[in-house]
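Dear colleague,

My notes on it follow directly after.

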Amino acid sequence: MRLRRRSGMRWGTGIGAWVRGMGVAGVGAALTLGGASSVGALAPEADLAYHGSVAMAAGLVDLRLTPRNHGPSAVEDATVRLRWSAPLADVQRLPGDCARSGERAVVCRTGPLAADGLGDQMRLNVRLRGEPSEVTLEIDTVWGGGAVDRNHGNDRQRVLVLDTGDSYVF
C-alpha cells in the first residue's frame with residue numbers, strides 16, 4: 001500500500017499538525033494538573049485517630065473517647081461523629097461540646113489537637129431507646145479542621161458493645 005501526498009497540503013496541517021497540537025495540549029494539561037496538586041499540597045495535613053472504651057448496661061452507654069492527632073500539622077478543632085445502631089432515647093444530657101445529630105447520632109468538637117498530641121478526653125453517657133442486648137458504635141471524623149487526612153484507617157472505628165456492663169476498648 002502506498003501513501004500519496006495530497007496536493008496543496010502544507011506542513012502544519014493534517015494529521016501531523018493534530019498530533020503536534022495534542023502534544024502541546026497534553027503539556028498544558030500536565031501543567032494545569034501540576035498546579036492544581038500544588039494548591040492541594042498547601043493545605044495542612046493531619047492524621048486524626050480516636051481511642052477509648054465503651055460499656056453498656058440496661059440501655060445506658062458509657063463512652064470515653066480521646067482524640068489524637070498523629071500530625072504532622074496541628075488542628076485547631078475537629079468534629080467527631082458517634083453513631084449507634086439503635087436509636088437514642090428522646091431525652092439526652094450531653095456535654096457542652098456535643099450535639100444530637102439525628103435519631104442515632106451525636107457530634108462532638110475535639111478542641112485543639114497539637115501535632116503528634118492527644119486531645120482532652122470526652123465522656124458521654126447516652127441512653128438508648130429500650131434496652132437492646134447489643135449495639136454497634138461507629139466513630140468517624142466529620143470535619144478535620146481544614147486539614148487533609150490521608151489515613152482514614154484510624155479515624156473510623158466500629159465497636160460491637162454487648163449489654164453486659166463490660167468495657168470494650170478500641
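Which residue in β8 is the bridge partner of Trp84? The model is a predicted one, and in it Trp84 is bridged to Leu137 of β8.

Strand β3 covers residues 79–84, and strand β8 covers residues 134–143. These two strands pair in the antiparallel sense, over 6 bridges. β3 also pairs with strand β5, which is formed by residues 105–109. The pairing of β3 with β5 is likewise antiparallel and comprises 5 bridges. Within it, Arg83 has Ala105 of β5 as its bridge partner.

I turn next to the largest pocket. The space within the largest pocket amounts to about 170 Å³. Its lining is made up of 13 residues, and those closest to the centre are Asp97, Arg109, Thr110, Asp120 and Met122.

Finally, Val169 deserves a separate note. Val169 belongs to strand β10, which spans residues 168–169. Because its relative accessibility is 70%, and exposed means over 50%, Val169 is classed as exposed. Leaving aside residues up to four places away in sequence, Val169 touches Gly52 and Ser53. Between Val169 and Gly52 there is a separation of 117 residues in sequence, whereas their C-alpha atoms lie 5.8 Å apart in space.

With kind regards

Conventions
Residues numbered from 1 in each chain as written. Predicted model: local features only at pLDDT ≥ 70, side-chain atom pairs only at ≥ 80, totals over all residues. Heavy atoms only, no water. 1 Å grid on protein atoms, 1.4 Å probe; cavity = no way out; pocket = protein on both sides within 12 Å on 5 of 7 lines; lining within 4 Å. Points joined across faces, edges and corners; volume = space filled by probe spheres on them. Pairing = 2+ DSSP bridges. Helix = DSSP H or I, 4+ residues; strand = E, 2+ residues; numbered from the N terminus. Buried < 20%, exposed > 50% of the residue type's maximum accessible area, 1.4 Å probe, protein only. Contact = heavy atoms within 4.5 Å.
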